Amino acid sequence: MSHLPSFFDRVRLGRHTLSNRFMVAPMTRVSATAAGVPTSQMANYYEAFAKGGFAAIITEGLYTDSIASVCNPNQPGLVTRAQVKGWQSVIRRVKQHPTVFVAQLMHAGALSQVLRQTLAPSAILPVGKPSASSGGFNAFRMPKAMTQEDIQTAIDGYVRAARHAVEAGFDGVEIHGANGYLPDQFITPYTNQRTDHYGGSVANRFRFTAEIMAAVRAAVPTGFLVGLRLSEGKVNNLSYRWEEGSDMAKALFSEVRKAAPDYLHIAAEGGGWERECQYADGSSSTGIARQLLDCPVIANGGLHNPDLATRLLNTGQADLLAIGRYAIANPDFPQKVAHGVALLPFQPGMIKPSVSLANTRRYFLSRSVS
Ligand SMILES: Cc1cc2nc3c(=O)[nH]c(=O)nc-3n(C[C@H](O)[C@H](O)[C@H](O)COP(=O)(O)O)c2cc1C
């Protein structure tokens with residue numbers, strides 16, 4: 001009798017063996033100090049998921065340099081000594097439980113809501129508006145097109161942040177190439193109109209991400225996870241889809257294969273996996289990734305629905321399931337699923353930022369941002 005995958009199978013992730021298929025999806029909570037240092041409140045937050053049975057946790061997006069990568073006020077970073085020390089305190093708490101803990105490395109590029117001068121592949125004003133709840137500017141700024149030197153500086157930031165992740169005690173890093181942030185701005189044709197070797201073909205548009213992956217890999221010890229997150233939708237353009245559909249998935253994941261991540265994580269924030277990851281020809285981005293890549297594929301987007309999650313596993317369209325909003329509502333989600341306990345419904349009020357206005361004001365003043 002063939003074995004159907006179950007939520008509670010053991011799954012390999014790099015050198016780790018996970019005890020189940022549930023991971024916490026990265027979620028920005030704007031709850032660090034004004035200087036981007038994690039707090040004891042954040043240690044409680046992350047430990048609750050570890051205690052609640054999640055096999056792995058991916059942090060919220062952490063900024064990689066203070067020059068151009070910061071996205072929101074009160075976003076945590078992996079840049080300063082104080083930030084590394086702050087993460088060490090969080091990790092001590094999380095590591096009291098058998099959970100793999102991965103730092104998401106994020107460069108906001110043109111979507112920064114705090115920096116006066118933003119950077120991007122091309123000088124194109126981002127579509128849409130910043131989220132009102134995160135406390136930054138209420139409109140995007142015109143970014144400066146990055147020079148080769150700016151590109152190298154950004155890559156160096158990822159490398160330093162990855163080294164800090166090792167020092168802090170994380171098990172790995174996830175390069176945030178999804179949701180419209182800097183690597184995604186390079187991958188996406190309408191935000192990348194470069195005519196050099198970072199623009200044009202899919203391979204050229206993926207080059208920045210590939211260079212980050214290679215530089216980070218070279219800087220961390222063997223066995224330290226280097227994962228990648230990609231998506232079609234963007235925070236400022238949730239309904240965006242690849243024009244070439246499944247052909248783009250095939251072309252892009254062929255490039256991803258060469259970059260050899262320890263996992264590929266495909267985000268679906270704009271309507272969930274069913275709306276964002278399935279194509280008219282019946283295939284899906286996560287299924288194509290599983291066929292083309294040798295590493296585990298993490299699916300995301302509405303996978304607190306047990307029927308959908310089971311279907312993805314049974315039809316070979318995912319290895320791991322990243323749970324976002326329902327993990328906030330249920331930090332003990334895996335234990336509840338294991339024991340058949342009803343899940344608490346997610347309510348939008350649960351993600352109201354817990355930042356104090358005083359902190360936010362200090363942050364703006366210290367950067368003399370109007
Ligand atoms: C409050 C909030 C903050 C988020 N911040 C991030 C982030 O920092 N990095 C990221 O890659 N995705 C982020 N996301 C997207 C989630 O990781 C996930 O893709 C999305 O919530 C869909 O999954 P779900 O249906 O399980 O909630 C965020 C989502 C929410 C709700």
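## Barrel, core and ligand shell in a predicted model

Leaving aside neighbours within four places in sequence, Ile57 is in contact with Met23, Val24, Tyr46, Phe49, Ala50, Val94, Thr99 and Phe101, where contact means that the C-beta atoms of two residues, placed from the backbone, lie within 7 Å. This is a predicted model, in which local features need pLDDT of at least 70 and side-chain atom pairs count only at pLDDT 80 or more, whereas totals for chains, interfaces and linings use all residues. Residues are numbered from 1 along each chain as its sequence is written. Helices (H or I, at least four residues) and strands (E, at least two) are DSSP runs, numbered from the N terminus.

**The barrel**

- Eight strands form a closed barrel in the order E3-E4-E5-E8-E9-E10-E11-E12, with parallel pairing, and two strands are taken to pair if DSSP finds at least two bridges between them.
- From one strand to the next the twist averages 25 degrees, with angles running from 0 to 180 degrees between the N-to-C directions of axes, which are lines fitted to C-alpha atoms, for helices over the stretch in contact.
- Strand E3 (residues 22-24) runs parallel to E4 and is joined to it by two bridges, and Met23 stands opposite Ala56 in E4.
- E5 and E8 pair in the parallel sense over four bridges, and Val102 has Gly172 in E8 as its bridge partner.
- E8 and E9 also run parallel, joined by seven bridges, with His176 opposite Arg229 in E9.

**Helices on the sheet**

- Helix H3 (residues 148-168) lies across E4, strand E5 (100-106) and E8, and runs at about 160 degrees to E5.
- Helix H5 (residues 202-219) packs on the sheet, where it touches E8 and strand E9 (225-234), and its direction makes about 175 degrees with that of E8.

**Burial and the nonpolar core**

- The largest nonpolar core has 100 residues, and those with the most contacts inside it are Met23, Ile57, Val173 and Leu321; such a core is a set of buried Ala, Val, Leu, Ile, Met, Phe, Trp, Tyr and Cys residues joined through C-beta atoms within 7 Å.
- Helix H3 gives the most to this core, with seven residues.
- Eight of the eight residues of E8 are buried, so this strand is largely enclosed by the rest of the structure; a residue is buried if 20 or more other C-beta atoms lie within 10 Å of its own, exposed if 12 or fewer, and partly exposed in between, with C-beta atoms placed from the backbone.
- Helix H8 (residues 285-292) is likewise largely enclosed by the rest of the structure, because six of its eight residues are buried, namely Ser285, Thr286, Gly287, Ile288, Ala289 and Arg290.
- The cover over the buried residues of H8 includes helix H6 (246-259), strand E10 (264-266) and strand E11 (297-300).

**The shell around the ligand**

- Of the 23 residues around the ligand, Ala25, Pro26, Gly61, Gly324 and Arg325 come nearest, a residue being near a molecule or strand if its C-beta atom, placed from the backbone, lies within 6 Å of it.
- Strand E4 (56-63), strand E8 (172-179) and helix H10 (325-329) are the elements that give two or more residues to this shell, and the largest share, three residues, comes from E8.
- The shell divides into nine nonpolar, 10 polar and four charged residues, with Ala, Val, Leu, Ile, Met, Phe, Trp, Tyr, Cys and Pro counted as nonpolar, Asp, Glu, Lys and Arg as charged, and the others, Gly among them, as polar.

**Individual residues**

- Leu62, in strand E4, counts as buried because there are 30 C-beta neighbours inside 10 Å.
- Leu62 and Leu78 are 16 residues apart in sequence and 6.2 Å apart in space, C-alpha to C-alpha; beyond neighbours within four places in sequence, the contacts of Leu62 include Pro76, Ala103, Leu105 and Ala161.
- Val30, in the loop between E3 and helix H1 (40-51), has a positive phi of about 35 degrees although it is not a glycine, and it counts as buried with 23 C-beta neighbours inside 10 Å.
- Asn74, in the loop between E4 and helix H2 (81-94), has a phi near 65 degrees, a positive value in a residue other than glycine, and counts as buried with 25 C-beta neighbours inside 10 Å.
- Asn305, in the loop between E11 and helix H9 (306-314), is partly exposed, with 14 other C-beta atoms within 10 Å.
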